[in-house]
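User: Hi! I have a model open on my screen and would like to talk it through with you. Could you help me read it?

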Amino acid sequence: MHLNNEFVEDVELLALFRLDSAQEGLKIHHDAAPERLSAAQRLFDKKLTSLADGGYLTPLGIQAAEHAHALLRILR
């Protein structure tokens, strides 16, 4: 299986969310890298975040972020 750039960007963005606080989200600023802006939009389109520019993780997003964090922890 080949991991394309979009997939990697999505996982990287999910990994930026802190899992120890549901009150803390992310804000992707309009001048962020285009890849980061696109990843934020894709996560929103997949109903993993509450806003197209970050926001908070949805319940499904929390699960995805937990898995992303676990994978990165194992591979490191």
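Predicted model: local features only at pLDDT ≥ 70, side-chain atom pairs only at ≥ 80, totals over all residues.

User: How many salt bridges does a search of the whole structure find?

Analyst: Side chains of opposite charge can pair when their charged atoms come close. Here a salt bridge is a side-chain nitrogen of Lys or Arg within 4 Å of a carboxyl oxygen of Asp or Glu. Searching the whole structure on that basis gives a total of seven.

User: With which residue does Arg 42 form a salt bridge, the closest N and O atoms being 2.9 Å apart?

Analyst: Arg 42 sits in helix α2 (residues 34–45), and its partner, 32 residues apart from it, is in helix α1 (residues 5–16). Helices here are DSSP runs (H or I, at least four residues), as are strands (E, at least two), numbered from the N terminus. Both partners are buried, meaning under 20% relative accessible area, where exposed is over 50% and partly exposed is in between (1.4 Å probe, protein chains only). The residue paired with Arg 42 is Asp 10.

User: Which residues are linked with Asp 10 and Arg 42 in a network of salt bridges?

Analyst: Arg 42 and Asp 10 pair with each other, with 2.9 Å between their closest N and O atoms. The network that holds them also takes in Glu 6, Glu 9 and Lys 46.

User: Which residue meets Lys 27 in a salt bridge?

Analyst: Lys 27 belongs to strand β1 (residues 26–27), while its partner is in the loop between β2 (49–51) and β3 (54–57), 26 residues apart. The N to O distance is 2.3 Å, and the partner is Asp 53.

User: Do the buried residues of α2 line one face of the helix or several, and what is their arc?

Analyst: α2 has twelve residues and reaches 16 Å from first to last C-alpha, close to the 16 Å expected, which is 1.5 Å times one less than its number of residues. Its buried residues are Ala 39, Ala 40, Arg 42 and Leu 43, and their cover includes α1, β2 and β3. The arc is taken from the directions from the helix axis to the C-beta atoms. The buried residues line one face of α2 because they fall within an arc of 165 degrees.

User: And in α3, which residues are buried?

Analyst: α3 is a helix of 17 residues, spanning 25 Å from its first C-alpha to its last, close to the 24 Å expected. The face turned away from its buried side carries the exposed residues Pro 59, His 67, Arg 73 and Ile 74. What covers the buried residues includes α1 and β3. Those buried residues are Gly 61, Ala 65 and Ala 68.

User: How many residues make up the largest nonpolar core?

Analyst: A nonpolar core is a set of buried Ala, Val, Leu, Ile, Met, Phe, Trp, Tyr and Cys residues joined through side-chain atoms within 4.5 Å. Members of the largest one include Phe 17, Ile 28, Leu 43 and Leu 57. α1, α2 and α3 each supply at least two of its residues. In all, the core has twelve residues.

User: What is phi of Lys 47 near?

Analyst: Lys 47 follows α2 and lies in the loop between α2 and β2. Lys 47 counts as exposed because its relative accessible area is 60%. Its phi is positive although the residue is not glycine, near 65 degrees.

User: From which residue does the backbone oxygen lie 2.7 Å from a polar atom of the side chain of Thr 58?

Analyst: Thr 58 is in the loop between β3 and α3 (59–75), and it counts as buried because its relative accessibility is 18%. Leaving aside neighbours within four places in sequence, Thr 58 is in contact (heavy atoms within 4.5 Å) with residues including Leu 48, Thr 49 and Ser 50. The backbone oxygen belongs to Lys 47.

User: How far apart in space are Tyr 56 and Gln 23, C-alpha to C-alpha?

Analyst: Tyr 56 lies in strand β3 and is partly exposed, with a relative accessible area of 43%. Beyond its neighbours within four places in sequence, the residues in contact with Tyr 56 include Phe 17, Gln 23 and Leu 48. Tyr 56 and Gln 23 are 33 residues apart in sequence, and their C-alpha distance is 7.8 Å.

Note on methods: Residues numbered from 1 in each chain as written. Heavy atoms only, no water. Polar contact = N/O pair within 3.5 Å; in protein donor to acceptor, adjacent residues only side chain to side chain.
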